Amino acid sequence: MTLVTEAERPVRRAPGGKGRRRVMDHGAWFLVLPALIPILVLSVGPLLYGILLSFTDAQSGRTQPTQWIGALNFRDLLHDTLFWESFRIGLVWAVGVTVPQFLLALGLALLLNEDLRLRWLARALAIVPWAMPEVVVGVMWRLVYNPDAGILNETIRDLGLGDGRDWLSGLGTALPAVIVVGIWAGMPTTTVALLAGLQNTPRELHEAAAVDGAGAWRRFRTVTWPALRPVALSITALNLIWNFNSFALVYVLTSGGPGGRTRLPMLFAYEEAFRYGQFGYAAAMGCVMVAVISILLALFLAGRLKGGDEA
């Protein structure tokens with residue numbers, strides 16, 4: 001009689017294994033659908049429609065049917081100096097807001113991470129701009145910049161530094177004034193992200209570095225920043241995208257003026273679509289902006305993945 005060992009014993013599979021796995025896969029898709037449908041309807045659908053619209057001569061108020069014109073809108077866009085000027089302003093705005101915003105938020109996060117008195121109150125006050133809608137922020141800062149009764153000009157007059165100026169209407173002051181508002185409005189998001197990264201850094205590393213005689217700057221450079229770098233890179237990339245796509249804040253403050261000095265690409269596309277009725281041309285602008293942002297995001301993700309592999 002031949003004995004069969006456990007290793008040689010044939011494995012019996014449960015009946016209907018593949019069918020059960022297929023049912024589980026369908027169940028997983030069924031659970032994902034409530035979150036997937038809004039994304040398809042509200043994001044993917046309008047994006048595809050906008051791409052389709054960019055290849056037509058769609059206009060508002062015309063009686064003739066919309067015609068397919070191919071890449072004509074994109075060809076005209078290449079020679080549109082006003083659009084590329086708005087693109088340059090958008091880059092200046094995005095970088096001008098993101099970089100100071102990060103530096104100030106980093107300093108504030110380091111301060112809020114210390115064991116200070118009334119730290120809870122300081123943390124609550126730090127996120128106040130985050131709780132305010134962009135339209136409210138814009139209206140509030142318009143009052144601050146008011147040339148006649150604004151608190152900024154009143155302070156300048158009280159200090160004897162001059163009579164003040166119309167900050168949002170001056171050709172040389174409008175964009176810097178709007179950038180200041182963008183920095184103030186976006187600081188809470190960056191501060192909270194960096195503060196979360198700081199609190200995930202083990203205190204034992206700081207204590208060990210202090211025992212070894214490392215000063216505050218050296219501890220930050222060798223302990224804090226390496227642990228904080230992934231969060232810093234992620235929030236900076238997101239802030240660049242968010243700031244480049246800004247619309248409501250700048251629209252409320254200046255509506256793109258004066259003389260187009262604060263006309264961001266989104267504002268330019270909005271004017272072409274809803275002021276001049278050129279829906280096809282505005283859709284082509286949107287496609288270009290989506291393409292540029294997608295390329296920048298792909299480069300960032302590729303760099304992150306490469307850095308993760310090397311680590």
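Predicted model: local features only at pLDDT ≥ 70, side-chain atom pairs only at ≥ 80, totals over all residues.
Reader: Thanks. And what percentage of the residues is buried?

Author: Buried residues make up 32% of the 311 residues.

Reader: How many helices and strands are there?

Author: The protein has 12 helices and 0 strands. Reading from the N terminus, the order of elements is α-α-α-α-α-α-α-α-α-α-α-α.

Reader: Okay, what about contacts between residues at least 6 apart in sequence: what share joins residues at least 24 apart?

Author: That share is 66%.

Reader: Let's look at helix packing. At what angle do α3 and α7 cross?

Author: Their axes cross at roughly 45° and come within 6 Å. That makes α3 oblique to α7, since angles between 35 and 65 degrees fall in the oblique class. The crossing of α3 past α7 is right-handed.

Reader: Which residue classes make up that contact?

Author: The contact of α3 with α7 has 21 nonpolar residues, 6 polar ones and no charged ones.

Reader: Nice. How are α7 and α9 arranged, then?

Author: α7 and α9 are roughly antiparallel to each other, because their axes cross at roughly 160° and the cut-off for that class is over 145 degrees. The axes come within 9 Å, and this crossing is right-handed.

Reader: Which residues meet there?

Author: From α7 you have Thr189, Thr190, Ala193, Leu194, Gly197 and Leu198. On the α9 side, their partners are Thr224, Leu228, Val231, Ala232, Ile235, Asn239 and Trp242. By class, the contact of α7 with α9 holds 8 nonpolar residues, 5 polar ones and no charged ones.

Reader: Thr190 is on that list. Is threonine 190 buried or exposed?

Author: Threonine 190, which lies in helix α7, counts as buried, with a relative accessibility of 0%.

Reader: What does threonine 190 touch, leaving aside neighbours within four places in sequence?

Author: Its contacts are Gln101, Phe102, Ala105, Ile235 and Asn239. Ile235 and Asn239 are also among the α9 residues in the α7 contact.

Reader: Switching to loops: where is asparagine 113?

Author: Asparagine 113 sits in the loop between α3, residues 81–112, and α4, residues 119–126. With a relative accessible area of 16%, asparagine 113 is buried.

Reader: What is asparagine 113 in contact with, beyond its neighbours within four places in sequence?

Author: The partners are Arg119, Arg123, Leu195, Leu198, Gln199 and Arg203.

Reader: How about phenylalanine 74: which helix is it in?

Author: Phenylalanine 74 is in helix α2, residues 72–78. Its relative accessibility is 21%, so phenylalanine 74 counts as partly exposed. Not counting residues up to four places away in sequence, phenylalanine 74 touches Ser54, Phe55, Ala284, Cys287 and Val288. The C-alpha atoms of phenylalanine 74 and tyrosine 281 are 7.9 Å apart, while the two residues are 207 residues apart along the chain.

Reader: Last topic, backbone geometry. Which peptide bond is cis?

Author: The bond from glycine 257 to proline 258 is cis, with omega near -5°. Proline 258 is in the loop between α10, residues 248–253, and α11, residues 265–275.

Reader: And what is the phi of serine 255?

Author: Serine 255 has a positive phi of about 55°, although this residue is not a glycine. Serine 255 is also placed in the loop between α10 and α11, and is partly exposed, with a relative accessible area of 36%.

Key:
Residues numbered from 1 in each chain as written. Heavy atoms only, no water. Helix = DSSP H or I, 4+ residues; strand = E, 2+ residues; numbered from the N terminus. Buried < 20%, exposed > 50% of the residue type's maximum accessible area, 1.4 Å probe, protein only. Contact = heavy atoms within 4.5 Å. Axes fitted to C-alpha atoms, helices over the stretch in contact; angles between N-to-C directions. Parallel < 35°, antiparallel > 145°, perpendicular 65-115°, else oblique. Left-handed = near helix turned anticlockwise from the far one by under 90°. Nonpolar A, V, L, I, M, F, W, Y, C, P; charged D, E, K, R; others polar.
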